[in-house]
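Hi everyone, thanks for coming. Today I'd like to walk you through one structure, starting with its rings and ending with its core. Please have a look at it first.

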Amino acid sequence: MGGFEGHLFPGLLFFFCGLYNAQLVSRALICNSIVQYPPRRPWDKGRWAWLQQIHCIGLLKILSACILIAQEFYSIPGQLVLISKLYHQRNFMYRKQWQHLTLYMSFFLSGCLDMVSQNLLSQRCAALEQSTQAVGTFIYLPLMVSHMQDTEGVELQSHMLLTQAMFLLTLVVFAELWASSEPLIWMMKAFFNIVIGSWLMQIGFMLYKPISGYKWMDDDNNDIEFTTTFFCWHVLFSAFLMIWIYGFSFVWYRYIFVNV
């Protein structure tokens, strides 16, 4: 993702997806739900009743993907082309921008299928939503490997750590296709989404808007080593956040929600 906004916005998307999944798994564990995805509710009659019954996750994915695509087009100086025709040459242009757009389109596709599954089908099809998520995460891995080819120093180290987390998320998402009712799978998916989202935002600040006001140096081993240390802090932060969400959900569903 190019620029500060190119890391911040996808990071927020992953982060909030992780928070949503963490809330789902906490509710499922506390309320002894059999499945993570509740069945589609029947439509109530009424002029505006359908608005209260629409699942918004798919719609939020679609809107987020559209914002990311618009931001990518805005950051391109000139016209977005795939192959240049300058001086009778045929060179691929804007390779990183095309990588970003490919990733964002997978978000858009996931959101569209979520909308179909959650709001249009007579019975929610969790397998359809999970399959689309698996395809999106699988696409992310080769794009990240290619993305790191011309990087070095802090940028290379930070993106290598991001790729490792994305690889683990891919394994978890594919495992969910065969063990969709396993709470540990849900928990790990939420955890890695939070890690990836928070780390993407951290990369944006490190590379483009360092909080200290001083640029991170690629030729300084201390900066490269601290990059790994900060990533480990993000992992610990995500674990504590998961514990806090579960604790809050426990109080909510056991003591507050039952009295509402």
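**Rings, helices and a core**

There are ten aromatic pairs in this structure. By a pair I mean rings of Phe, Tyr or Trp (for Trp, the six-membered ring) with centres within 6.5 Å; planes under 30 degrees apart are stacked, over 60 edge-to-face, and the rest tilted. One of them is edge-to-face: Phe138 with Phe174, 6.3 Å centre to centre and with 75° between the planes. Phe138 sits in helix H5 (residues 126-147) and Phe174 in helix H6, so this pair ties together parts 36 residues apart in sequence. Helices here are DSSP runs (H or I, at least four residues), numbered from the N terminus. Trp216, Phe226, Phe230 and Trp233 make up one aromatic cluster.

A quick word on the background. This is a predicted model, where local features need pLDDT of at least 70 and side-chain atom pairs count only at pLDDT 80 or more, while totals for chains, interfaces and linings use all residues. Residues are numbered from 1 along each chain as its sequence is written, and side-chain values use heavy atoms, leaving out hydrogens and water.

Now, how many salt bridges does the structure hold? It holds two, a salt bridge being a side-chain nitrogen of Lys or Arg within 4 Å of a carboxyl oxygen of Asp or Glu. In one, Lys61 meets Asp114 at 2.8 Å, N to O. That links distant parts of the chain, with Lys61 in helix H3 (residues 57-75) and Asp114 in helix H4 (residues 95-120), 53 residues apart. The other joins Glu176 and Lys189, whose closest N and O atoms are 3.1 Å apart. Here Glu176 belongs to H6 (residues 153-178) and Lys189 to helix H7 (residues 183-208), 13 residues apart.

Are Lys61 and Asp114 buried or exposed? Both are buried, and Glu176 and Lys189 are buried too. Buried means under 20% relative accessible area, exposed over 50%, and partly exposed in between (1.4 Å probe, protein chains only).

Finally, the core. A nonpolar core is a set of buried Ala, Val, Leu, Ile, Met, Phe, Trp, Tyr and Cys residues joined through side-chain atoms within 4.5 Å. The largest one has 43 residues, and those touching the most other members include Phe14, Tyr140 and Trp199. H7 contributes the most to this core, twelve residues. Trp199 touches residues including Leu162, Phe230 and His234, setting aside those up to four places away in sequence; contact means heavy atoms within 4.5 Å.

Technical notes: Helix = DSSP H or I, 4+ residues; strand = E, 2+ residues; numbered from the N terminus.
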